[in-house]
Amino acid sequence: MNLELFIAKRLVSDKESKGSVSRSLVKITTFGISLGLSVMIISVAVVTGFKKEITNKVIGFGGDLQIENLDNNSSYETKPISSKQNFIDDIKKLPLVRNVQPFGIQSGILKTKSEVQGIVLKGVDQDYDWSFFKKNLKEGKLPTIKGQETSNELLISSRIADLLNLKVNQDIALFFIVDQQVFMRRMKLTGIYETGLEEFDKLFAVGDIKHIRKVRKWEPDQITGFEINITDFKELNNAKTQVNNIMGINIQEDGSGLRLTSIVDKNPQMFDWLNLQNLNVWIILILMLVVAGFNMISGLLILILDRTKMIGLLTSMGAQSVNIRKIFLYQSGFLVLRGLLWGNIIGLGICFIQYFFKVVKLEQSSYFISSVPININVIHIFLLNAGTLASIMLMLLIPSIIISKINPDVTLRYD
């Protein structure tokens, strides 16, 4: 039997000391640990949730990776490539790749009787994955795009709809200016989406890619490029390398080449800003660990002072300082575990309430989302608990040295 562990358990469950001052102070210390852990859990859940929500919204407009003409610049007057690329089937077979879909981009102008608004039409075909816009659909329905027939249905953002005072099922004129020629298409507004990313919402409308092919005089198989969506954003660089290896150096019939870019390459400022949020999390984690550690150190000192006579008795009976230190470290460990248990209950409880009921709202124009996002990751929870336990127990090794300084003769005479 582990004698130190046995004594520590008896001390933790000692009913006679429940009304003592040390017992009350230890409860406060345990509460401090639980409060610190709950703050850490909430902070990590909110920041990772925020990053995940914003990242998914940015990806929804352009995919994780894009294959385009090498000669394309930052404008929306893109040079086409053929949709019949011999490497696409090999890319689709990659384990990290979820889907590959063609798209077209063309700038245009939406005009009503009294208002004009510049937009960028994102042209898609019948195989387009609408899951992102379906999730963010505010009114109406998504456009229906068929194989041969050109669809005049259009999806715009709530910001554009408000600027033009448009409602679902209204007709609207869409103008394209190509090579100093004006082309007009009569479109029907079937749906309105809202993502909260004003930079994108004020710009993009979604419709049939065949409109772009007609005004740009493209061939039926020509597109702006391919969007590639992957299964795990954390593997973005790995996926980019694998796709690049499959593409190789690819020269088109007109002599132009192809380039592969990631969503991070296209939006560096957005992702640099998101990465800065990690610094906030680390500051909170370090502060909470320091506070919890000092709380537990003071609690251990109180436990040692409260049990001075017991320490003197055990020392006089031949117990070594290392054995007595183990007793108090075991006792402190039990108290820390109790604090961690309540910390998990409080922290996860608040997270689940926010996740399901959206109690805390946000100003979408400022934060890009309407409520505080929550991302609960089992690995994050485990690491927070293990890291907190290990850090506090390491901090407790130093104050436990005071036990070796206690003189048994003095303590046994003291009443």
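Helices here are DSSP runs of H or I with at least four residues, strands are runs of E with at least two, and both are numbered from the N terminus. The model is predicted, so local features need pLDDT of at least 70 and side-chain atom pairs count only at pLDDT 80 or more, while totals for chains, interfaces and linings use all residues. Residues are numbered from 1 along each chain as its sequence is written, and side-chain values use heavy atoms, with hydrogens and water left out.

**Helix packing**

- The axes of H12 and H14 come within 10 Å of each other and cross at roughly 150 degrees, which makes H12 roughly antiparallel to H14.
- Axes are lines fitted to C-alpha atoms, for helices over the stretch in contact, with angles from 0 to 180 degrees between N-to-C directions.
- Helix H14 covers residues 378-395, and its axis comes within 9 Å of the axis of helix H10 (residues 268-306), with a crossing at roughly 45 degrees. That angle makes H10 oblique to H14 (under 35 degrees is roughly parallel, over 145 roughly antiparallel, 65 to 115 roughly perpendicular, and the rest oblique).
- H10 also passes H14 in a right-handed crossing.

- Met-296 sits in H10 and counts as buried because its relative accessibility is 1% (buried is under 20% relative accessible area, exposed over 50%, partly exposed in between, with a 1.4 Å probe and protein chains only).
- Between Met-296 and Leu-335 there are 39 residues of sequence separation, yet their C-alpha atoms are 8.9 Å apart in space.
- Asn-275 is another residue of H10, and with 44% relative accessibility Asn-275 counts as partly exposed.
- The C-alpha atoms of Asn-275 and Lys-51 lie 8.3 Å apart, although 224 residues separate the two in sequence.
- Helix H11 (residues 308-316) has Met-310, Ile-311, Gly-312 and Leu-314 as its buried residues.
- After H11 comes Gly-318, which has a positive phi near 105 degrees.

**Salt bridges**

- The structure holds 8 salt bridges, each being a side-chain nitrogen of Lys or Arg within 4 Å of a carboxyl oxygen of Asp or Glu.
- One of them joins Lys-122 to Glu-227, whose closest N and O atoms are 2.5 Å apart. This pair ties together distant parts of the chain, with Lys-122 in strand S4 (residues 116-124) and Glu-227 in strand S11 (residues 225-230), 105 residues apart.
- Lys-122 is buried, with a relative accessible area of 2%, and Glu-227 is buried at 2% relative accessibility.
- Asp-208 and Lys-210 make another salt bridge, with 3.1 Å between the closest N and O atoms. Asp-208 counts as buried at 1% relative accessibility, and Lys-210 counts as buried at 12%.
- The side chains of Asp-265 and Lys-240 also meet in a salt bridge, at 2.7 Å from N to O. Here too distant parts of the chain are linked: Asp-265 belongs to helix H9 (residues 263-266) and Lys-240 to helix H8 (residues 236-247), 25 residues apart.
- Asp-265 is partly exposed, with a relative accessible area of 42%.

**Positive phi in loops**

- Most residues other than glycine have a negative phi, which makes the next two residues worth a look.
- Asp-179 is not a glycine, yet has a positive phi of about 55 degrees. Asp-179 lies in the loop between strand S7 (171-178) and strand S8 (181-193) and is exposed, at 69% relative accessibility.
- Lys-217, also not a glycine, has a positive phi of about 60 degrees. Its loop runs between helix H7 (209-216) and strand S10 (222-223), and Lys-217 is exposed at 61% relative accessibility.

**A nonpolar surface patch**

- Phe-352, Ile-353, Tyr-355, Phe-356, Phe-357, Val-359, Val-360 and Ile-376 make a nonpolar surface patch of about 810 Å².
- Patches take residues with over 30% relative accessible area and no salt bridge, joining like charges within 9 Å and nonpolar side chains (Val, Leu, Ile, Met, Phe, Trp, Tyr) within 5 Å; accessible areas come from the Shrake-Rupley method with a 1.4 Å probe, and for residues only the protein chains shown count as cover.
- Val-360 is placed in the loop between helix H12 (321-357) and helix H13 (364-367), and Val-360 is partly exposed, with a relative accessible area of 42%.

Key. A crossing is left-handed if the near helix is turned anticlockwise from the far one by less than a right angle, and right-handed if clockwise.
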